[in-house]
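Morning, everyone. Please have a look at the sequence and the model on the screen, and then we'll walk through them.

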Amino acid sequence: MKVYYYHSRVDTNKEPLSKTMAMSRYNAAKHFAERKQLSLKSFLSIYQVPKKNCIYEDSSNLNK
């Protein structure tokens, strides 16, 4: 499993809003969409789950 995060598409700094462990980017996006109570299509029109994952030193705060 890998760490995935999402950020707003309009955020030029691409600051992570949340992160999770998932088997794939698709699964991570589905998880984030469910947490936001959005369809996957709506979620992806507002947010982006980058292909390149950022590495977090502290994984204890996952899903917060």
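Is strand β2 largely enclosed by the rest of the structure, or is it left open, and why? It is largely enclosed, because four of the five residues of β2, residues 18-22, are buried. Buried means under 20% relative accessible area; exposed means over 50%; partly exposed is in between, with a 1.4 Å probe and protein chains only.

Some ground rules. This is a predicted model, where local features need pLDDT of at least 70, side-chain atom pairs count only at pLDDT 80 or more, and totals for chains, interfaces and linings use all residues. Residues are numbered from 1 along each chain as its sequence is written, and side-chain values use heavy atoms, leaving out hydrogens and water. Helices (H or I, at least four residues) and strands (E, at least two) are DSSP runs, numbered from the N terminus.

Now, the partner of β2. Strand β1, residues 2-8, runs antiparallel to β2, and five bridges join them. Strands pair if DSSP finds at least two bridges between them. One example: Val 3 has Met 21 of β2 as its bridge partner.

Next, the core. The largest nonpolar core has ten residues, among them Tyr 4, Ala 22, Phe 32 and Val 49. The elements giving two or more residues to this core are β1 and α1. Helix α1 gives the most, with four residues. A nonpolar core here is a set of buried Ala, Val, Leu, Ile, Met, Phe, Trp, Tyr and Cys residues, joined through side-chain atoms within 4.5 Å. In soluble globular proteins, nonpolar side chains tend to be buried together.

On to the surface. Met 1 sits in the segment before β1. Met 1 is exposed, at 64% relative accessible area. Together with Met 21 and Met 23, Met 1 makes a nonpolar surface patch of about 360 Å².

Last, the loops. Lys 14 lies between β1 and β2. Its phi is near 55°, a positive value in a residue other than glycine. Lys 14 is partly exposed, at 47%. Gln 37 is in the loop between α1 and α2. Gln 37 also is not a glycine, and its phi is positive, about 55°. Gln 37 counts as exposed, at 74% relative accessibility.

Ser 39 is in the loop between α1 (25-35) and α2 (40-46). At 39%, Ser 39 is partly exposed. What does the side chain of Ser 39 make a polar contact with? The side chain of Ser 42, at 3.0 Å. A polar contact is a pair of N or O atoms within 3.5 Å; within protein, one must be able to donate a hydrogen and the other to accept it, and residues adjacent in sequence count only if both atoms are side-chain atoms.

Note on methods
Patch = residues over 30% accessible without salt bridge, like charges linked within 9 Å, V, L, I, M, F, W, Y side chains within 5 Å. Areas by Shrake-Rupley, 256 points an atom, 1.4 Å probe, with all protein chains shown as cover. Salt bridge = Lys/Arg side-chain N within 4 Å of Asp/Glu carboxyl O.
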